[in-house]
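Visitor: Hi, I have a few quick things to ask about this one. Could you walk me through it?

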Amino acid sequence: MDIPILSLLILIPLIGAIATLFMGGERQKFAKYVAGVFAAITLILSLYVMFATEMGELSESYAWIQTSAITINFALAVDGLSILMVFLTALLTLLVIVFSAEEKDRPNYFHTLVMAMEVGLMGVYLAADYFLFYVMWEITLIPMYFMISWYGGPRRHYAAIKFLIYTHVASLVMLIGIFAMGFESMGMNGGVIDFSFENINALMPQTSEAFQAIVFVLLFFGFMVKMPSVPFHTWLPDAHVEAPTGGSVLLAGVMLKMGSYGIIRVCLECFPAGAEHWQWVIIAIGLISMVYGAYACIAQTDLKKMVAFSSISHMGMVMLGIGCLSDIGITFAVFQMFAHGLISAMLFMVCGFTGHALGTREMPLLGGLAGRMPIFATFMMISFMASLGLPGLVGFWGEFPLVYGFYEFIQANDMLWLILFCLLTLMLTAGYYIWAMQKTLFGPETTKIDLEHVHDISKPEFAALAVLAILVAVFGVWPDAALSFVEPYVDGLVATFGVI
Amino acid sequence: MDLTGIFGDYTAFAPIIILLIGALILPAVQFVGKRRTATWAVALVFAIVSLIVNAIMLTDGYTGEALGLYEYDAYSGLMILLFQIVLFLAVLVSNASTETTRLHVGAFYALMTGATVGMMFVAGSTDLLTIFVGVELTSISSYAMVTMKRKDPRAAEAGVKYVIIGGMSTALTIYGISMLYGLTGTTEIAAIAETTQLTGMNWMFAIAIVAMVAGYGFKIAAVPFHMWAPDVYEGAASPVSMFLATGSKKMGLSVFFQIFLVMFVAGTAVSQIAGEEVQYLFAIIAAFTMTVGNIVAIAQNNIKRMLAYSSIAQAGYILIVMAVMSEYALSAGLFHMFTHVFMKGGAFLIVGALICAGIGEKISDYKGLAKRAPFLAVAMMLFLFSLAGIPPLAGFTSKFFLFSSAIGGVDGVTSQWVWLAFIAILNSAISLYYYARVVKAMYIEKGASTEKIKVPKIFTIAIAICVIFVIVLGVYPQLIYDFCETAAGALLGM
């Protein structure tokens with residue numbers, strides 16, 4: 001019998017979550033080791049899936065619910081699009097556990113929540129059945145809600161409930177889209193709704209253009225709020241500012257990608273005609289998110305809030321790449337998702353560290369930290385530089401080919417002036433990062449806060465950041481390591497569009 | 001097992017007969033024995049025996065008829081099962097609850113059993129008059145049960161309100177029935193459907209329908225006939241509130257299915273006599289019921305009132321069935337009724353258990369509950385998230401089926417009821433807000449006391465049963481859903 005590796009990727013974190021849940025009292029200080037072991041096994045498994053197996057052969061499907069009208073399977077699959085996200089999920093979960101090793105407040109529950117998040121995230125990226133996909137999608141909400149409201153900052157109650165309701169509404173709209181797809185496929189293949197990706201994603205492109213255009217919007221809305229795109233982005237800065245560092249890392253690193261993953265996996269695969277119908281809207285949303293996010297960054301004084309807005313800007317870029325509906329656009333949109341996952345994890349770790357080491361993240365109160373905290377300063381610089389797209393680091397490959405793809409698209413449509421928005425964004429991005437760096441790290445040492453007892457980053461934090469920094473550099477000089485997974489998938493996808 | 005050997009021609013009545021005997025001898029048991037626990041045990045035994053007998057009949061696929069008025073088939077068997085589960089849970093905790101131990105226990109259990117007999121009788125009825133009698137039996141028993149907490153002015157207020165509104169609902173219903181009888185010369189539902197098909201729709205028929213919808217609308221607390229529900233649930237003892245919210249309301253919904261679905265869509269009556277208009281009437285009632293229920297629930301500070309409004313909203317979701325009028329919708333609706341028993345019933349049981357432990361009914365009284373009573377807090381969280389429709393709990397799965405029924409039918413997507421699905425889904429999101437408030441109070445806010453709470457063991461058992469079903473039905477819905485499909489097929493004769 002074959003080992004059901006994909007199920008294990010979900011099951012192992014689940015066992016980890018249950019195990020840590022019951023480690024109360026004296027044992028709670030060991031929770032981090034237990035969680036760490038389970039996360040490490042998951043990471044090894046995901047690497048095994050990535051490099052040592054033929055991914056197409058791993059698909060699993062078990063009958064789950066079968067009624068006279070509906071077939072639902074517990075179906076899992078992995079391909080070039082999801083594998084990078086699976087790897088990112090496994091990696092960031094482990095790094096969050098390492099980084100948060102010094103969490104003192106009920107560490108067992110903290111680790112339960114982290115592991116539960118991993119279950120949901122893995123499920124979303126591996127699911128090959130719409131019912132399962134939706135179940136996993138919603139499962140991610142609850143641990144994040146508790147993580148914000150237990151371990152968060154002063155306005156955590158407000159932020160947690162806002163996050164919960166906002167994203168829940170969006171996913172319910174998405175659910176209606178899923179129903180519509182199910183029933184439409186029922187009419188097409190004879191009386192039974194089979195919710196598997198295989199069935200629905202094959203049938204949907206044959207539907208009428210009007211149907212595609214409408215259902216595309218329902219699903220797109222659900223995904224877009226998760227990404228989040230302007231004008232439905234307001235939950236994100238609140239959630240990030242209040243969330244603990246570990247929560248922010250998972251939120252920005254992998255949870256936002258659920259949105260863009262969904263757009264590619266569901267909207268583009270099912271509704272090529274719908275995507276073409278709304279192409280300009282997607283592009284407009286992408287451009288606005290990109291520029292608005294970057295513009296809002298300039299005005300922020302809180303480091304973490306600035307990084308949160310920069311996430312909106314970068315996810316806008318992903319949206320823009322998807323909107324091009326071209327080979328290069330989508331390929332690098334996926335790559336940007338991966339790159340942003342690594343970089344934003346670093347960014348939030350750095351900002352989170354600032355918060356708990358100095359007691360504040362307000363930039364006007366900081367200054368000249370490089371002298372006292374050289375290692376911290378180095379990591380901050382690496383992450384900022386990576387995020388603004390310095391060549392040689394991974395962010396460069398997420399941004400410049402993407403802008404090029406967009407350039408090709410607008411050239412074909414005689415709208416070259418739109419490139420100005422991209423240039424504006426790149427300028428603003430460079431501006432707010434360098435400015436922030438200058439205000440916090442360099443210049444005269446601040447006198448506004450007490451720096452007596454400030455210490456540099458601890459060993460576990462160093463380890464987590466170092467791993468990320470290395471990956472940022474490795475993928476920066478060798479992007480092909482990730483692109484080789486994405487390209488075959490995108491080639492197949494774009495072939496269905498009837499455009500290049 | 002061959003039940004016909006025991007019950008002979010009355011096999012179709014078997015579960016009812018057992019409970020009826022129970023209802024009649026329970027006061028005597030109390031009078032002779034004078035021991036609460038003994039009476040309770042007898043009531044429980046009757047409930048369990050009847051449950052087992054019905055479960056056997058249901059799984060055997062028994063169908064039968066008695067007296068030409070009552071029919072036992074997959075549909076009535078399933079509804080009876082639901083009422084028996086409710087009765088079982090309510091009786092189980094009643095002896096331990098401090099709210100009910102001071103009552104005339106003999107009468108209390110007899111009334112509860114009698115009310116259940118009424119519900120079960122309704123489930124098997126094929127005639128408007130037997131339905132009417134069954135509903136009255138349940139209602140009159142319920143009036144008495146609500147007012148049994150005599151010292152409590154809130155119970156008195158609730159009782160008076162309940163009686164007056166109940167009386168009005170009865171009057172409206174019988175008015176509607178009399179008109180239908182005048183028009184068609186029969187009170188048998190299938191016959192009415194056939195006759196009306198010949199004569200066509202007229203204004204008198206329409207008035208009759210509206211009067212009956214209003215009359216039974218009171219029973220399920222559909223907006224705008226819902227005002228009594230929060231007061232009654234708040235005033236009554238918690239096991240009684242639970243019994244009313246999960247049992248009595250399901251009876252009302254079952255009446256809707258049995259009268260209107262059979263009249264408009266079942267078997268021979270497929271051609272629409274009043275089709276569209278009635279569907280739109282129900283769609284509007286459903287939309288208002290869920291919206292008003294959920295929005296008013298946000299403002300509640302008393303948890304029983306909040307649960308009452310949320311159960312109004314849940315009835316609104318189930319009314320989607322009446323708008324869509326398809327077999328798939330009916331099986332989804334039946335399934336949602338089952339999951340609702342466990343999640344709403346469980347929530348009421350927790351409230352009842354905490355009242356026994358001296359915790360108030362205000363949401364603010366639940367602060368810090370996670371530390372004081374970890375199991376109850378987890379269970380409450382599961383019930384509430386399930387009610388809000390968070391996967392992988394039972395409430396999500398049943399809502400998945402129910403809401404999807406509004407999107408399409410066998411021929412693909414039909415856009416007629418999509419707006420209703422949108423309203424339902426927005427309501428689901430609203431409901432998460434007030435459920436999350438309770439979760440927040442339990443888990444996140446700090447309470448005044450950190451002392452551990454002790455609740456009666458029997459409550460813990462009843463709640464654990466609900467928790468198990470809320471989880472099991474979430475991941476393995478087929479346990480009940482298969483029966484729901486058969487039942488829907490049986491009722492609609494397809």
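**Helices, interface and salt bridges**

Guide: Happy to. In chain A, helix α6 (residues 141-151) has eleven of its eleven residues buried, so it is largely enclosed by the rest of the structure. Do keep in mind that this is a predicted model.

Visitor: Which residues of α6(A) are buried?

Guide: They are Leu141(A), Ile142(A), Pro143(A), Met144(A), Tyr145(A), Phe146(A), Met147(A), Ile148(A), Ser149(A), Trp150(A) and Tyr151(A).

Visitor: And chain B, how many of the residues of helix α10 are buried there?

Guide: Eight of the eight residues of α10 (residues 228-235) of chain B are buried, so that helix too is largely enclosed by the rest of the structure. The buried residues include Trp228(B), Asp231(B), Tyr233(B) and Glu234(B).

Visitor: What covers the buried residues of α10(B)?

Guide: The cover includes six helices of chain B: α6 (128-147), α7 (153-184), α9 (203-219), α11 (238-264), α13 (303-318) and α15 (327-356).

Visitor: You listed Glu234(B) as buried. What does Glu234(B) form a salt bridge with?

Guide: Its partner is Arg305(B), with the closest N and O atoms 2.7 Å apart. This pair links distant parts of the chain, since Arg305(B) sits in helix α13 and Glu234(B) in helix α10 of chain B, 71 residues apart. Glu234(B) has 14% relative accessibility and counts as buried, and Arg305(B), at 18%, counts as buried as well.

Visitor: Which residues are linked with them in a network of salt bridges?

Guide: The network links Arg154(B), Lys161(B), Asp231(B), Glu234(B), Arg305(B) and Glu361(B). Asp231(B) is another of the buried residues of α10(B).

Visitor: How many salt bridges does the structure hold over all chains?

Guide: There are 15. One of them joins Lys162(A) and Asp238(A), with the closest N and O atoms 2.8 Å apart. Lys162(A) is in helix α7 (residues 156-189) and Asp238(A) in helix α10 (residues 235-242) of chain A, so that pair links parts of the chain 76 residues apart.

Visitor: Are Lys162(A) and Asp238(A) buried or exposed?

Guide: Both are buried. Asp302(A) and Arg361(A) also meet in a salt bridge, at 3.1 Å from N to O. Asp302(A) is in the loop between α13 (279-299) and α14 (303-324), whereas Arg361(A) is in the loop between α15 (327-358) and α16 (369-372) of chain A, 59 residues apart. Asp302(A) is buried, with a relative accessible area of 11%, and Arg361(A) counts as buried at 18%.

Visitor: Switching topic: how many salt bridges are there across the interface of chain B and chain A?

Guide: The rule finds zero there. As for polar contacts between the two chains, the count is four residue pairs.

Visitor: What is the area buried between them?

Guide: About 3400 Å², with carbon and sulfur atoms giving 82% of that area. In residues, 40 of chain B are in contact with 37 of chain A.

Visitor: Which elements give two or more residues to the chain B side?

Guide: Those are α17 (374-388), α18 (394-405), β3 (408-409), β4 (412-413), α19 (418-443) and α21 (478-492) of chain B. α19(B) gives the most, with twelve residues. By class, the chain B side has 28 nonpolar, eight polar and four charged residues.

Visitor: What about the largest nonpolar core: which residues touch the most other members?

Guide: Of its 418 residues, those are Met181(A), Phe406(A) and Phe257(B). Beyond its sequence neighbours within four places, Phe257(B) is in contact with a set of residues that includes Tyr75(B), Ile318(B), Met337(B) and Leu491(B).

Visitor: Last one, about backbone geometry. Which peptide bonds are cis?

Guide: Two examples are in chain B. The bond from Val223(B) to Pro224(B) is cis, with omega near 10°, and Pro224(B) lies in the loop between α9 and α10. The bond from Pro391(B) to Pro392(B) is cis with omega near 0°, and Pro392(B) is in the loop between α17 and α18.

Visitor: What about phi at Ala221(B)?

Guide: Ala221(B) has a positive phi of about 55° although it is not a glycine. Ala221(B) is also in the loop between α9 and α10 of chain B, and it is buried, with a relative accessible area of 0%.

Note on methods:
Residues are numbered from 1 along each chain as its sequence is written. Chains are lettered from A and ligands numbered from 1 in the order in which they are written. This is a predicted model: local features need pLDDT of at least 70, side-chain atom pairs count only at pLDDT 80 or more; totals for chains, interfaces and linings use all residues. Side-chain values use heavy atoms; hydrogens and water are left out. A nonpolar core is a set of buried Ala, Val, Leu, Ile, Met, Phe, Trp, Tyr and Cys residues joined through side-chain atoms within 4.5 Å. Buried means under 20% relative accessible area, exposed over 50%, partly exposed in between (1.4 Å probe, protein chains only). Contact means heavy atoms within 4.5 Å. Helices (H or I, at least four residues) and strands (E, at least two) are DSSP runs, numbered from the N terminus. Buried area is the accessible area (1.4 Å probe) that two parts lose on being put together, summed over both. A salt bridge is a side-chain nitrogen of Lys or Arg within 4 Å of a carboxyl oxygen of Asp or Glu. A polar contact is a pair of N or O atoms within 3.5 Å; within protein, one must be able to donate a hydrogen and the other to accept it, and residues adjacent in sequence count only if both atoms are side-chain atoms. Ala, Val, Leu, Ile, Met, Phe, Trp, Tyr, Cys and Pro count as nonpolar, Asp, Glu, Lys and Arg as charged, and the others, Gly among them, as polar.
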